[in-house]
Amino acid sequence: MIDILLLIVGLVLILTGANYLVDGASAIAKRAGLSDFIIGMTIVGIGTSTPEMVVSFASAIKGNADIAVGNVLGSNIFNTLMILGATALFSPIRLTSNNIKKDIPFALLAAFVLCTFGCSTWLDGTAVNTITRVGGILLLSLFGVFMAYTIYSSGSQEASNTPDELSGSKKTAPIWLASLMILGGLCGLVFGGDMFVNAASAIAKSLGVSDAVIAVTIVAGGTSLPELASCLVAAYKKNTDQALGNVIGSNVSNIFLILGGSATIHPLVMAGTKPLDLITLMVSSLLIFLFAFTFKKKQIDRIEGALLVCLYIAFVVLTLKSL
């Protein structure tokens with residue numbers, strides 16, 4: 001019982017810390033003259049992935065690769081199937097030409113790279129699937145390419161925004177308050193992340209299941225709450241393209257930045273990663289890619305959203321049946 005309580009408290013600290021960190025960083029970025037588009041695709045996109053980052057980094061430091069990898073795998077599956085599916089059920093998700101030609105293929109590439117690491121035992125004959133430090137540096141390099149592309153491709157959109165559009169309707173927090181928000185957010189993330197990882201491992205041991213199963217279900221769902229909340233709010237405001245951008249940015253950051261950084265800290269042995277996890281990740285990414293090119297309607301509609309949600313439920317059921 002105490003472990004469940006610690007898990008909840010840790011998650012609350014993580015989510016609260018991530019919220020303050022994003023708000024504080026966004027306020028400073030606005031005062032530095034950065035546009036809403038750049039802030040949304042970089043600070044907010046990465047910021048909503050800070051729970052996954054903290055949990056995975058803390059797990060890597062503790063040498064618990066199952067939670068580090070399972071957290072990212074489960075979060076990306078949850079993001080694509082449950083969050084995008086639920087958002088599309090609420091309001092069809094519009095797709096821009098950039099989404100179709102660049103963003104979605106980049107997310108598909110990230111999933112493919114991770115699956116390649118997960119198949120290294122039969123691709124190159126290694127004893128166990130591992131993301132080495134060299135592999136981690138490669139992933140971080142790909143994240144750098146993604147960020148450079150995002151900033152470069154935003155030039156035309158940034159230029160088209162008016163000063164009113166960039167300033168927004170809400171007042172920007174003063175620098176001192178924004179700095180305190182960042183500091184408080186980081187403290188919440190660090191302490192909450194450590195508490196969350198320890199509690200999740202203890203729960204897994206008490207239930208007699210692997211850390212990887214706990215990570216790909218409970219941990220992944222919990223750390224994906226910021227993406228779920230932001231996407232549902234975006235759907236409510238009929239701004240579903242923002243929801244799609246948030247998920248894509250989060251998924252790419254999870255694989256390239258979080259797993260890359262985790263593997264650089266400590267090589268990640270993917271012993272607890274199951275073929276079902278990798279297959280579901282790849283299928284979910286392929287489905288979004290295919291939806292972008294079907295029926296020439298340039299949107300993910302409610303029927304496709306329902307399919308995504310059903311696939312996530314099937315994934316959870318199959319995962320639990322394998323215990």
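View 1. Tyr149 is buried, with a relative accessibility of 18%; buried here means under 20% relative accessible area, exposed means over 50%, and partly exposed is in between (1.4 Å probe, protein chains only). A quick note before going on: this is a predicted model, where local features need pLDDT of at least 70 and side-chain atom pairs count only at pLDDT 80 or more, while totals for chains, interfaces and linings use all residues. Residues are numbered from 1 along each chain as its sequence is written, and side-chain values use heavy atoms, with hydrogens and water left out. Phe106 is buried too, at 15% relative accessibility. The structure holds five aromatic pairs, meaning rings of Phe, Tyr and Trp (its six-membered ring) with centres within 6.5 Å; planes under 30 degrees apart count as stacked, over 60 as edge-to-face and the rest as tilted. Phe106 and Tyr149 are a stacked pair because their ring centres sit 6.1 Å apart with the planes at 15°. This pair joins distant parts of the chain, 43 residues apart: Phe106 belongs to helix α5 (residues 97-117) and Tyr149 to helix α7 (residues 133-153). Helices are DSSP runs (H or I, at least four residues), numbered from the N terminus. Phe106 and Tyr149 also form one aromatic cluster with Phe146 and Phe256.

**View 2. Helix α14 alongside helix α15.** The axes of α14 (residues 275-291) and α15 (residues 302-321) come within 11 Å and cross at roughly 180°. Axes here are lines fitted to C-alpha atoms over the stretch in contact, and angles run from 0 to 180 degrees between N-to-C directions. So α14 is roughly antiparallel to α15, a label for angles over 145 degrees. On the α14 side, the contact (heavy atoms within 4.5 Å) includes Leu276, Leu287 and Phe291, while α15 brings in residues including Leu311 and Phe315. The residues of this contact divide into nine nonpolar, two polar and two charged.

**View 3. Ser284, tucked away in α14.** Ser284 lies in helix α14 and counts as buried, at 1% relative accessibility. Leaving aside residues up to four places away in sequence, Ser284 touches Thr80 and Leu81.

View 4. For Cys115, the nearest cysteine sulfur is that of Cys119, 6.4 Å away. Cys115 is buried, with a relative accessible area of 10%, whereas Cys187 is partly exposed at 36%.

Technical notes
Helices (H or I, at least four residues) and strands (E, at least two) are DSSP runs, numbered from the N terminus. Angles under 35 degrees count as roughly parallel, over 145 as roughly antiparallel, 65 to 115 as roughly perpendicular and the rest as oblique. Ala, Val, Leu, Ile, Met, Phe, Trp, Tyr, Cys and Pro count as nonpolar, Asp, Glu, Lys and Arg as charged, and the others, Gly among them, as polar. A disulfide is a pair of cysteine sulfur atoms within 2.5 Å.
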